[in-house]
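Work through the following exercises with the model open beside the text. Each task is followed by a solution that goes step by step.

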Amino acid sequence: MNTHETYIKRCLDIGKNGLGTTRPNPMVGSVIVHNDKIIGEGFTSAYGGNHAEVNAINSVKDKSLLKASTIYVTLEPCSHYGKTPPCSDLIIRHNIPKVVIGCVDDFEKVAGQGIKRLRDSGAEVIVGVLEHECRAHHKRFFTFHNKKRPYIILKWAESVDGFIAPKTKNEQKPVWITNTYSRQLVHKWRAEEQAILVGTSTVIADNPTLTTRDYVGLNPTRIILDRQGKLPNNLAVFNTEAKTIVICETIEHPTKKHDHIKYETINWASKSEIAQQISTILFNHNINSVIIEGGAQTLQTFIDENLWDEARVFTGETPFKTGIKAPEFSATLISKEQILTDILKIYKND
C-alpha cells in the first residue's frame, strides 16, 4: 500500500463514524497531511452540519500549514450550495495545494465540477486512489443517485431446516429464531440505515416496534405495507417513536392521521412492479437505504423483481419441521460468521 492509499484508507476508517447520522448525505472521511504527518481529520457531521473537509480543516491548529499540505478525501469535494457552502471553495480559500480523492461524485450537481474548480485554481488533484473501496463505502449514496432508488438490504432469520416462521402462533409477538446477540446486531443495523420495511402479515403476527430499542442510535423511518388499510391504529408501528410511511391502495384512514404518519398509494394490481413502485416512493421521500425485514412474501417480491443489493441471513439452531419457507434466491456469498449458536451469511446481488 503506497502513501496515498494509506491516507485514503484512514479516510475510509474515520468516514464510518458518520454511518446512520449523515443520511441522506454520504459518510465522507477526510485527512490533512503535512510533511508525512496527519495534522487534521474529519468526517461528515449529522445531516445539515459540516462536511468532512470542513471538519478536517477546522481541526488543524496551525492553519498556516495548510498552504503546504495535502488533503485526502473519500469523495470529490462538493462544488454547489446545499445545506452548507461548497467544500471545494473552502479548500481553495485555504490555498491547500494538493488534493487526493478516492472517487468522483456522480451526483449531477457535482459530477466532476469540484475537481475542475480545484484544478482551475491551480491545485494538483489526484483522483481514483482506492476507488473501488471508496465506491463500496459510498454504496448507499451512489445507488440512490445512479439508480434512483434506495440501497436495499434484505434481512431474515430462518430455522436450521429453512423456515422463517411457524404456521400458527398463540400470541401476537415474534417467535425468536436467533439469540440475543444476533438481535442486538439487527438493532445496530436499523440505526445505520434510513428506513425499515415490513408487510401487513408481519405487523399482524408480531406487532413489532421496528425501532433501535436494543442499541443506541436513530430510529429508522418505518415503511408499512397495508394494501387494504386493515391494520388497527393501536399497533406499535403507529406510535410516535419514529416516522412512519404507510403504503396502501387508497388513502382512507381518518383514524390514523397524525403528523408522524404519511400515506402513499401504489397500483397493487400490477403485481410485477410492486417493489419498483415502493422503491420510487422511498426515493421521492429522499430515503437512500432500507432494510426489508419481512415477511416471506414481501421479501420474495423484491427478490423476484431483482430489486435488492445485499441479503443478510441468520440461521438459528432450532428446527421448526413445518411452517413458512424462507425466501428463495441466488446470489454471491461474501461473508459468513458465527454468533454463538447462530450463523450469519451476507450475500451480494450479482
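This is a predicted model: local features need pLDDT of at least 70, side-chain atom pairs count only at pLDDT 80 or more; totals for chains, interfaces and linings use all residues.

Residues are numbered from 1 along each chain as its sequence is written, and side-chain values use heavy atoms, with hydrogens and water left out.

**Exercise 1.** Determine what geometry the aromatic pair of W156 and F329 has, and where its partners lie.

Rings of Phe, Tyr and Trp (its six-membered ring) pair if their centres lie within 6.5 Å, and planes under 30 degrees apart count as stacked, over 60 as edge-to-face and the rest as tilted. The whole structure holds seven aromatic pairs. For W156 and F329, the centres are 5.4 Å apart with 85° between the planes, hence edge-to-face. W156 belongs to strand β6 (residues 151-158), whereas F329 is in the loop between β14 (324-325) and β15 (332-339), 173 residues apart; strands are DSSP runs of E, at least two residues, numbered from the N terminus.

**Exercise 2.** Which ring lies under the charged end of R135?

A charge sits over a ring if NZ of Lys or CZ of Arg is within 6 Å of the ring centre and within 35 degrees of the ring normal. For R135 the ring is that of F142, with 3.9 Å to its centre.

**Exercise 3.** Is E293 buried or exposed?

Buried means under 20% relative accessible area, exposed over 50%, partly exposed in between (1.4 Å probe, protein chains only). E293, at 14%, therefore counts as buried.

Conventions:
Helices (H or I, at least four residues) and strands (E, at least two) are DSSP runs, numbered from the N terminus.
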